[in-house]
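Please look over the structure below with its charged side chains in mind. The briefing that follows takes up salt bridges and their surroundings.

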Amino acid sequence: MRKKVKKYDRITKSDSVEKLKKDIVKHIASTMGHDPAFAQEYYVYKATAHAVRDRLVDRWIETQRSYYHREAKRVYYLSLEFLPGRFLRNNIVNMGIEDQVVAALRDMGYSLEDIEEVEWDAGLGNGGLGRLASCYIDSFATMKIPAYGYGIRYDYGIFHQAIENGFQVEKIDNWMRHGNAWEFERPEHLYEVNFYGNVREYYDEEGHLCHSWENTQKIMAMACDTLIAGYGNEHVTNMRLWAAKSTREFNLELFNVGKYVSAVEDKVLSENISKVLYPSEEAFEGRELRLRQQYFFVSATFQDIMRRFKKRKVEYSRLPDLISVQLNDTHPTIAIPEFMRILLDGEKLSWEESWDICVNTFGYTNHTILPEALETWPVDMMERVLPRHMQIIYEINRRFLQDVRGHYPDDEERIRRVSLIRDEPYRAVRMAHLGIVGSHSVNGVSALHTHILKERVFRDFDELFPGRFNNKTNGVTPRRWLLCANPGLSLLITKTLKKGWESDLSRLHALRKSADNRAFRAAWRRVKKENKARLARYIHRKLGVTVNTDSLFDVHVKRIHEYKRQLLNVLHVITLYNRMRSEPQQKVSPRTIIFGGKAAPGYRMAKLIIKLINSVGAVVNSDPAVGDRLKVLFLPNYCVSQAEKIIPATDLSEQISTAGMEASGTGNMKFALNGALIIGTLDGANIEIMEEVGKENIFIFGLTADEVARKLQEGYEPFDYYNSDAELKSVIDMIYSGFFSPDDPHLFKPVVDALFRCNEPFMILADYRSYVQCQENVSNAYSNEEEWTRRSIRSTAGMGKFSSDRAVLEYAREIWNIEPL
């Protein structure tokens, strides 16, 4: 009997190359409106993207049909950020058509490497939160979990970072300037979102109190879908992102009387909601816009969820059996009162039934313990922007506190701590508390982070809701971060282990025995050398600096923040510089120290740290006494596509956050997966990575989370460390005196002043000596080429646990109660 095959499986490799070429040419002409004979790389990129998207659509349609056919439970992953990077190579690798695309482009006179450089990184996220969400969407598709990502289709990213005179300068990230070849606009999925207005109370015919939200401002949300391919299967899911559309495009009456700006004012103001990721909150209007962004995408998402649910024609009590909603951090937690509003006011369910459905539908992932990141919204703003939701939050809080008083009748201090409404310094809604109370599952993202949540940050809630808190350690997709980003290493691994590790990362453990194979170590080093040469060419093109590829590539790339301690790294850089100047004949392992990352536009200290890095680099890099033994670089505009060049070339990865402050980190996982060794504190996922790769294959230093907490409690005096360590004192004095800023000697005074704050929370001076000594161990280890390579191989071999595939399967089985299709 003839085997039935799907449409896209019938194409042989040779046929598909010819078909791809024909489709690319067709799209250059019919989609782009250009003569294929004169097509530049931009047209070839867009046409290739459309040709690949055509093939994705076939698989996506089959996937959606399978969901309906199987009546599968759906998961909705709500995130204000996604950070997918470029789509072209990731899609063709996951679809198994990379060779065909390479051949088709080569036959046309182009290379895939040149064509993919045309694509801009999608400006849909900022840092680890958005990148994690994108890794999880990739794993949903690869593990065949019926799940979608929901967020906002921003017209502009957070900003494009330029460095001018050493300072960060924010410029427009107009990533959509040429459109988005991967996106499908869905005008048939257009939903009305309401703001402001008032709530009218009335009684229905049966005497029940009802609420009607009236006289609102209305904005339309239009769905925009981007398809995401699973690896090695035909499963394709999608991100559904919402774009704001005005209910009134144009006022002809105003236009006709010469009021041209006023004629389009409504449209401009309405569509601001999806204009830019993270508007500045320094102004009141920016803070309110961010609240409106959060409600905008939550409201549209729940209208979409309910549209699908109502097709089932089942009782509402079954809704949690058919739908799970995961809240990625506090940003989407306004979904809880929104869902209650739909069930209470729209579907006329009782409070008790609505609340039971609500709690059993939601899961909440917490990503931080930093107070400033545990989002709060002023009560007066909530009452004005979302008056009905504030009423519902009041009622949730009233019932919750009533229950707490039942357990702890005389503990008003506990009531104050757990209330959803904070009174001081002004009345505000604690969105993390709302997420905990309104969800059946609350998870941290590393073992240490979850422990801190349960024991410190949310201890009261853990006592109130035994079993609600759980851990789901983060993971990264090996498709993008090894298979796509590091093809040389991927090929070496595949030759050694055969295929299959790409979707079962636990197989990497078998590499450990290869660490003792001399020929394998030599091959491993050749791959690293090629990756370092590629990065060196990129650095020269971007910065005009030539780096020594035999040097230790010491990399610190992540969001610029005091707790991530780029400043501690700078202190070590200056220490190395001073040692090289004072002992020029001393043999040291040469280093190229690479920084990268963005500072929030309003975060002045972080921006001054960027300036300090560049100022130190300017002095070090121009000093002939140092030569190529030490180079200090800041690569501007760190993003996913840049990370794909940096990570495979890295020898040493800096994961040096203050212990207890990094929830997990995923950069540590990406670097270790690519054979970099980590220098870090016992923070976040570093602890679990150490357990997997072995203590001898990671460099650990500094205070533990408990020791940090104890020091802060007892009183930490930074001056004690400054006065007792001559080398540290010299480094600090150089910064303070203007050695690195002769034209403005007091420029870095605020940086030094921050270091000497009483109870300085980031423990930079307290950890300095331990860090410097640990870096000496790194240098000694790097000088032994064979031993360093062994450790590098074991680092990669120990990363099986840190796949996003493992993580999403844990979410699926332990929170969402579903199995892969």
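Are both D805 and R479 buried or exposed? Both residues are buried, where buried means under 20% relative accessible area, exposed over 50% and partly exposed in between, with a 1.4 Å probe and protein chains only. This is a predicted model, in which local features need pLDDT of at least 70, side-chain atom pairs count only at pLDDT 80 or more, and totals for chains, interfaces and linings use all residues. Residues are numbered from 1 along each chain as its sequence is written, and side-chain values use heavy atoms, with hydrogens and water left out.

**Salt bridges overall**
- The structure holds 69 salt bridges, each being a side-chain nitrogen of Lys or Arg within 4 Å of a carboxyl oxygen of Asp or Glu.

**Pairs between helices**
- D805 and R479 form a salt bridge through their side chains, at 2.7 Å from N to O.
- Because D805 lies in helix α34 (residues 804–816) and R479 in helix α20 (residues 478–484), this pair ties together parts that are 326 residues apart in sequence; helices are DSSP runs of H or I with at least four residues, numbered from the N terminus.
- Salt bridges that share partners also join R186, D225, R240, D304, R307 and R308 into one network.
- The side chains of R456 and D706 meet in a salt bridge at 3.5 Å, N to O.
- R456 belongs to helix α18 (residues 447–457) and D706 to helix α28 (residues 705–714), so the pair links parts 250 residues apart in sequence.

**A partly exposed pair**
- R427 and D423 are joined by a salt bridge between their side chains, at 3.7 Å from N to O.
- R427 is partly exposed at 40% relative accessible area, and D423 is partly exposed at 49%.

Methods: Helix = DSSP H or I, 4+ residues; strand = E, 2+ residues; numbered from the N terminus.
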